[in-house]
Amino acid sequence: SSLNTLFIHEVGAWTAAIDACCKSNRYDTAIKLFWTMQSPNFQNIKPNTVTCGCLIDRLLKAQRISDTLDVLRYMKNEGLEPSEV
């Protein structure tokens, strides 16, 4: 449906889904969503600074340091600058 297509191509919707997963302690699902966004199937969608900042904040609070570092490496590789939230 067009609603599903809209969701797939909307960074804000993905960020909200990642945040919701983290809030319900589903960190592995949140991380899977984060990496899925970058797959070739979603050519026009990539995690942005807000997506990364949200995930980093939640991962740090959960003491998931290795996962946090992976997101920070992604940001560096993509040329994304962290921002204050």
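In which helix does Thr 51 lie? Thr 51 lies in helix H4, and the notes below come back to it.

1. How to read the model. This is a predicted model, in which local features need pLDDT of at least 70, side-chain atom pairs count only at pLDDT 80 or more, and totals for chains, interfaces and linings use all residues. Residues are numbered from 1 along each chain as its sequence is written, and side-chain values use heavy atoms, with hydrogens and water left out.

2. The nonpolar core. The largest nonpolar core has 18 residues, and Ile 18, Ala 30, Phe 34, Cys 52, Leu 55, Leu 59 and Val 71 have the most contacts inside it. At least two residues of this core come from each of helix H2 (11-23), helix H3 (27-36), helix H4 (49-61) and helix H5 (65-78). Such a core is a set of buried Ala, Val, Leu, Ile, Met, Phe, Trp, Tyr and Cys residues joined through side-chain atoms within 4.5 Å. Buried means under 20% relative accessible area, exposed over 50%, and partly exposed in between (1.4 Å probe, protein chains only). Helices (H or I, at least four residues) and strands (E, at least two) are DSSP runs, numbered from the N terminus.

3. Thr 51 and its surroundings. Thr 51 is buried, with a relative accessible area of 1%. Leaving aside neighbours within four places in sequence, Thr 51 is in contact (heavy atoms within 4.5 Å) with Val 11, Thr 15, Ile 18, Phe 34 and Met 37.

4. Tyr 27, Ala 30, Ile 31 and Phe 34 are the buried residues to look for in H3. They sit on the same side of H3, because they cover an arc of only 95° around the axis; the arc is that of the directions from the helix axis to the C-beta atoms. H2, H4 and H5 are included in what covers these buried residues.

5. Phe 34 has a relative accessibility of 0% and counts as buried. Not counting residues up to four places away in sequence, Phe 34 touches Ile 18, Pro 47, Thr 51, Cys 52, Leu 55, Val 71 and Tyr 74. The whole structure has 3 aromatic pairs. Rings of Phe, Tyr and Trp (its six-membered ring) pair if their centres lie within 6.5 Å; planes under 30 degrees apart count as stacked, over 60 as edge-to-face and the rest as tilted. Phe 34 and Trp 35 form an edge-to-face pair, at 4.8 Å centre to centre and 80° between the planes. Trp 35 and Tyr 74 are also edge-to-face, at 6.2 Å and 85°. This second pair links distant parts of the chain, with Trp 35 in helix H3 and Tyr 74 in helix H5, 39 residues apart. Trp 35 is partly exposed at 37%, whereas Tyr 74 is buried at 5%. Ring pairs link Phe 34, Trp 35 and Tyr 74 into a cluster.

6. How many disulfides does a search of the whole structure find? The search finds 0, a disulfide being a pair of cysteine sulfur atoms within 2.5 Å. The sulfur of Cys 21 is 6.9 Å from the closest cysteine sulfur, in Cys 22, so it is too far for a bond. For Cys 22, the closest cysteine sulfur is in Cys 54, at 6.3 Å, again too far for a bond. Cys 21 is buried at 9% relative accessible area, and Cys 22 is buried at 2%.
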